[in-house]
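Colleague: I have a structure to get through this afternoon. Could you walk me through it?

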Amino acid sequence: LMVIIFPSTLFAAQKECPVKPSYNIAINKESVHIFNKKNDLMIKSNGEVIFNKKTVLVKPPLEKQTQKFQTNLRQQLPKLEQEALSLLSEVKIIFESAIKNKLGNDNELHRELNKLYKRLVKLLHKSIITESGNTQFYYQNFNNLKKDGEDIGTHIFYNVVGGSIINFDFLKNYGAIKQISKNEWKSQKSKLKAFDAHICSVITDIDGQYKQILTQLNQSTYK
């Protein structure tokens, strides 16, 4: 129960965020690149805009908007990644403490919790990762975080149950895990829901800015 609740509540909202990105984002020192099969937008650090492989001469209002969008992406995406990693670490520590209090030094549970944590970090980094100052955002992986996180949690839960049965202490562990899940979920619920809302707000803001810019670029390009 603990390992099923942990990933699903960490990555998924109680209510699904209505905005689902449909584009990848690559950020480096020279440019911000937003692209999918339909559109390809690059905003260079010097303000130059390249839309579908063609340089576009943008008017001052749109230039201001693209520069603001670039600045926001450079700040928001790396920050979102760090916030998610911090929350993962914090929740892991809380559950480790709960396991120790309820079950003592249960090496098997601690081992599975660490495995879960590492896999969720790896899963997060498949959707958003910053390395050497460069940030990559992969929309398909991001949109699948809930399902993939639950799948990982379910797999590890079966490992825990299987190990407990082999060691003939399933009932002892099951009762303790159930209590840990109930108590820790209750204590973390508001924090996780707030973070969910924050993720949705950031993605909604990014998506709104991007669509406004696309509309104006299409109008100016195809006049």
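This is a predicted model: local features need pLDDT of at least 70, side-chain atom pairs count only at pLDDT 80 or more; totals for chains, interfaces and linings use all residues.

Colleague: How many helices and strands does the protein have?

Modeller: The protein has 6 helices and 7 strands. Along the sequence they come in the pattern α-β-β-β-β-β-α-α-β-β-α-α-α.

Colleague: And what percentage of the residues is buried?

Modeller: Of the 223 residues in the protein, 45% are buried.

Colleague: Now the core. Which residues of the largest nonpolar core touch the most other members?

Modeller: Those are Ile25, Ile34, Leu41, Leu73 and Leu217, out of 49 residues in that core. Helix H2, residues 60-103, gives the largest share of this core, with 12 residues.

Colleague: Pick leucine 73. What is it in contact with, leaving aside its neighbours within four places in sequence?

Modeller: With those neighbours set aside, leucine 73 is in contact with Ile25, Ile27, Val32, Ile34, Pro78 and Ile206.

Colleague: Change of topic. How many cavities of 30 Å³ or more are there?

Modeller: A search of the whole structure gives 3. The largest cavity holds about 90 Å³ of space. It is lined by 10 residues, and the closest to its centre are Leu80, Ala84, Leu124, Phe142 and Ile199.

Colleague: Which helices supply at least two residues each of that lining?

Modeller: H2 and helix H6 (170-221) do. H2 gives the most, with 3 residues.

Colleague: I keep looking at tyrosine 23. Where is its place?

Modeller: Tyrosine 23 sits in the loop between helix H1 (2-11) and strand S1 (24-27).

Colleague: Is tyrosine 23 buried or exposed?

Modeller: Tyrosine 23 has a relative accessible area of 2%, so it counts as buried. The cut-off for buried is under 20%.

Colleague: What does tyrosine 23 touch, not counting residues up to four places away in sequence?

Modeller: Tyrosine 23 touches Ile34, Phe35, Asn36, Phe137, Tyr139, Ile206, Asp207 and Tyr210. Phenylalanine 137 is 114 residues apart from tyrosine 23 along the chain, yet their C-alpha atoms are separated by 8.5 Å.

Colleague: Where are asparagine 52 and serine 132 found?

Modeller: Asparagine 52 is in the loop between strand S4 (49-51) and strand S5 (54-56). Serine 132 is in the loop between strand S6 (128-131) and strand S7 (134-137).

Colleague: And how do asparagine 52 and serine 132 count in terms of accessibility?

Modeller: Asparagine 52 is at 26% relative accessibility, so it counts as partly exposed. Serine 132 is at 77%, so it counts as exposed.

Methods: Residues are numbered from 1 along each chain as its sequence is written. Side-chain values use heavy atoms; hydrogens and water are left out. Helices (H or I, at least four residues) and strands (E, at least two) are DSSP runs, numbered from the N terminus. Buried means under 20% relative accessible area, exposed over 50%, partly exposed in between (1.4 Å probe, protein chains only). A nonpolar core is a set of buried Ala, Val, Leu, Ile, Met, Phe, Trp, Tyr and Cys residues joined through side-chain atoms within 4.5 Å. Contact means heavy atoms within 4.5 Å. On a 1 Å grid over the protein atoms alone, a cavity is a set of points where a 1.4 Å probe fits but cannot get out, and a pocket is an open set with protein on both sides within 12 Å along at least five of seven lines; lining residues have an atom within 4 Å of a point. Grid points are joined across faces, edges and corners, and a volume is the space filled by probe spheres set on the points.
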